Amino acid sequence: MPLVSRKGVLAIAAVIDVAMNSDDRPVSAKALAARHKLPPRHLEPVLQALVRDGILRGIRGPHGGYELAREHRHITAEDILRAASSTDEADDVPVPPSGLVIDIVQPALAEAERSFSAALGRINVDDMTKRARHNRA
């Protein structure tokens, strides 16, 4: 069972792609979509969420696109996943308010989520970009 949604994986990949390819000029959504073999319409909501959360900066115009809004080492996988998950909130089904869910299930899962979140907070874009560049070589 994957702990990170497809949209979350796509968001992380998009941020790493932008980090690796925006040295000279912003990366267009069309170029990102082509590299990841996706229709641009699937990528746009994720990119906009990343802009809203201050992870990417959107640049308008004919040579526009996306670039990182902060330094590589100051963007974590947790930051990216939090931004990407904001696009899923409309799809959430409410949790049933039973005693078992409230007293047992939610506290147990909250503890696991804190551990997972702490691990994600130790993974940053700088480390992932270095690994990606190393694997290309």
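Two strands are taken to pair if DSSP finds at least two bridges between them. Helices (H or I, at least four residues) and strands (E, at least two) are DSSP runs, numbered from the N terminus. The structure is a predicted model, in which local features need pLDDT of at least 70 and side-chain atom pairs count only at pLDDT 80 or more, whereas totals for chains, interfaces and linings use all residues. Residues are numbered from 1 along each chain as its sequence is written, and side-chain values use heavy atoms, with hydrogens and water left out.

The protein chain contains 6 helices and 2 strands, arranged along the sequence in the pattern α-α-α-β-β-α-α-α. Its C-alpha trace extends over about 55 × 30 × 25 Å along the principal axes. The accessible surface of the protein chain (Shrake-Rupley method, 1.4 Å probe; for residues, only the protein chains shown count as cover) amounts to about 8,900 Å², and carbon and sulfur atoms contribute 56% of that area. Of the 137 residues, 33% count as buried; buried denotes under 20% relative accessible area, exposed over 50%, and partly exposed the range in between (1.4 Å probe, protein chains only). With contact defined as heavy atoms within 4.5 Å, residues 24 or more positions apart supply 65% of the contacts in the protein chain that have a separation of 6 or more.

The two strands, β1 (residues 56–59) and β2 (residues 65–68), pair in the antiparallel sense through 4 bridges. Within this pairing, R57 has E67 of β2 as its bridge partner. The hairpin of β1 and β2 has 5 residues between the strands, and G61 in this hairpin adopts a positive phi near 110°. A positive phi is also found at K37, a residue other than glycine, where the value is near 55°. Most residues other than glycine have a negative phi. K37 is placed in the loop between α2 (29–35) and α3 (40–52), and it counts as exposed because its relative accessibility is 74%.

Helix α6 (residues 125–136) includes T129, which counts as buried because its relative accessibility is 2%. The T129 side chain reaches the backbone oxygen of V125 at 2.7 Å. This distance falls under the definition of a polar contact, a pair of N or O atoms within 3.5 Å; within protein, one atom must be able to donate a hydrogen and the other to accept it, and residues adjacent in sequence count only if both atoms are side-chain atoms. When neighbours within four places in sequence are left aside, T129 is in contact with I16, A19, M20 and H72. M128 is likewise placed in helix α6. Under the corresponding exclusion of neighbours within four places, M128 is in contact with I12, I16, A77 and I123. M128 and I16 are separated by 112 residues in sequence, with a C-alpha to C-alpha distance of 7.0 Å.

The structure holds 7 salt bridges, each defined as a side-chain nitrogen of Lys or Arg within 4 Å of a carboxyl oxygen of Asp or Glu. One of them joins D23 and R133, whose closest N and O atoms are 4.0 Å apart. D23 lies in the loop between α1 (6–21) and α2, and R133 in helix α6, so the pair ties together parts that are 110 residues apart in sequence. D23 counts as exposed at 60% relative accessibility, while R133 counts as partly exposed at 41%. A further salt bridge links the side chains of R73 and E71 (3.0 Å, N to O); E71 counts as partly exposed, with 45% relative accessibility. The side chains of R82 and E78 also meet in a salt bridge (2.9 Å, N to O). R82 and E78 are separated by about one helical turn, because they are 4 residues apart in helix α4 (residues 77–85). In this pair, R82 is partly exposed, its relative accessible area being 47%, whereas E78 counts as buried at 19% relative accessibility.

On the surface, L100, I104, V105 and L109 form a nonpolar patch, with about 370 Å² of accessible area together. Patches are made of residues with over 30% relative accessible area and no salt bridge, like charges being joined within 9 Å and nonpolar side chains (Val, Leu, Ile, Met, Phe, Trp, Tyr) within 5 Å. Among the patch residues, I104 lies in helix α5 (residues 99–121) and counts as exposed because its relative accessibility is 51%.
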